[in-house]
Structure formats: structure tokens, C-alpha cells
Amino acid sequence: MAEYKLVRGHHTNDYLVHTADGWLMVDNDWPGRFIQTAGALKRAGVRMADVKYLFNTHYHVDHAGLSQELKKQGATLIILDTQLPHIKVDETYSRDPGMAAFQPITMENVVVISAADSRSYLNKIGLRGEILSTPGHSPDSAALIVDGLGAFVGDMPPFEYLPMFRNAELDSSWRNVLAHDPPMIFPAHPEPFVPDLTLMPQPGYLD
Ligand SMILES: [Zn+2]
């Protein structure tokens, strides 16, 4: 089973998943928080040089704000093709003071893959799993499934709240994630949890 670590540079869970070639970092943090994130990595015993891959569950600024700086340190950013139109990061956040430090994401050190190709790509870097498009929280939301470890789901709200959202897209994204039998769910802000499938609403509540 792949090893993982959870570090926090600010308000986002930055997960590190071990690959055959260093760490894959799932989500990063707010612009201007690079030093704090570097410190959190150090305390977790992870060398910046060993963060070889980045994957963002979506391109809200609290998840992707340090992507460019981390790429400059040598990491490769894995982008799902459905995310590509969104990597400029939502401009509605631009009045946040932290946004002044935001470095736009360039196409250097980037790989763009489809969900269908993700398993073979991850296999090449020594990670068994795949990336799913999971729209609902945002159109570019995506989840990383690591076989035997769990699902990194970003900002998908807990599935017991689905009847409150009544969002068919979110519903089918959750069913797709859970169909992969993740032993754990790794959300971007609360603590990781074991999914209790009895809390999944029966199909039909949307009718
Ligand atoms: Zn978000």
C-alpha cells in the first residue's frame, strides 16, 4: 500500500503520496504561503527536491495557489484534461490580499492526461490508481484514487449531505468514487475518514 503524509501550509490539507520516484503532492495552498508550506514539508521529513509530482483536485486558489512555485522547484504538475480550461484560477478571488503573490501557472513541467489514460500514467511513476473527473463542487473537480489507500476528493462535500445539495452531477461523482472501493476518504479540509456506505442516500432521492 502506498504511504502518505498530511501536511498543512495554511488552511488546506496538502497530501503527499509516495511513488517509485519521490512524492506526489495532492493540492497545495494559498498564494504567498510558500515558506509556510516548505516549513510544513520539512517538519514532515520531506525534502522539497523529493516532491516530484503535483496534482490539484481543482483550481480554486486555496488548492492551486503555489503550483507554479512548486513547479519551479522541479515538480511536474499532472493536469486532467477537463481541468485545463480552469488553470488560470478563479479571478473572483483576486481581491484577496494573498492573490498579489499568485504566480500564474505556465505550461512548463506539465503533463495533461485524460481520465482514461491516468492509470497507465500513474503506473509509470510507480503508483497504482487513477484520476477521475468528479464535477459538482466545481466543473474541474477531480479525485485521485490510490488502490488500497483511498480517494483524495478535494472539496467534494461529505456524501451524507447529498440530499441537501440535490445535485445530480455531485451525486454521480460520489458514486463513481465509491465504486472504486476506497478504504479511506481524504478531503482537502477536514480530517481523513473511513467511508460509512450506510450513509450514502439511496438512488431515487433526486427524483
Ligand atoms: Zn474549492
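**Strands and a buried loop residue**

Author: This is a predicted model, and in it Arg-8 has Asn-13 of strand E2 as its bridge partner. Strand E1 (residues 4-8) and strand E2 (residues 13-18) run antiparallel and are joined by five bridges.

Reader: And how many residues sit between E1 and E2 in that hairpin?

Author: There are four residues between E1 and E2, and the two strands form a hairpin.

Reader: Switching to E5, in which sense does E4 pair with it, parallel or antiparallel?

Author: Strand E4 (residues 51-55) pairs with E5 in the parallel sense, over three bridges, and within this pairing Tyr-53 has Thr-76 of E5 as its bridge partner. E5 also pairs with strand E6 (residues 110-113), again in the parallel sense and over four bridges, with Leu-77 bridged to Val-110 of E6.

Reader: Why is E5 described as largely enclosed?

Author: Strand E5 (residues 76-80) has four buried residues out of its five, so the rest of the structure largely encloses it.

Reader: What about Ala-75, where is that, and is it buried or exposed?

Author: Ala-75 lies in the loop between helix H3 (67-72) and E5, and Ala-75 is buried because 23 other C-beta atoms are within 10 Å, where the cut-off for buried is 20 or more.

Reader: Which residues does Ala-75 touch?

Author: Leaving aside residues up to four places away in sequence, Ala-75 touches Val-51, Lys-52, Tyr-53, Leu-54, Leu-70 and Asn-109. As for Leu-122, which is 47 residues from Ala-75 along the chain, the C-alpha atoms of the two are separated by 15 Å.

How values were computed: Residues numbered from 1 in each chain as written. Predicted model: local features only at pLDDT ≥ 70, side-chain atom pairs only at ≥ 80, totals over all residues. Pairing = 2+ DSSP bridges. Buried ≥ 20, exposed ≤ 12 C-beta atoms within 10 Å, placed from the backbone. Contact = placed C-beta atoms within 7 Å.
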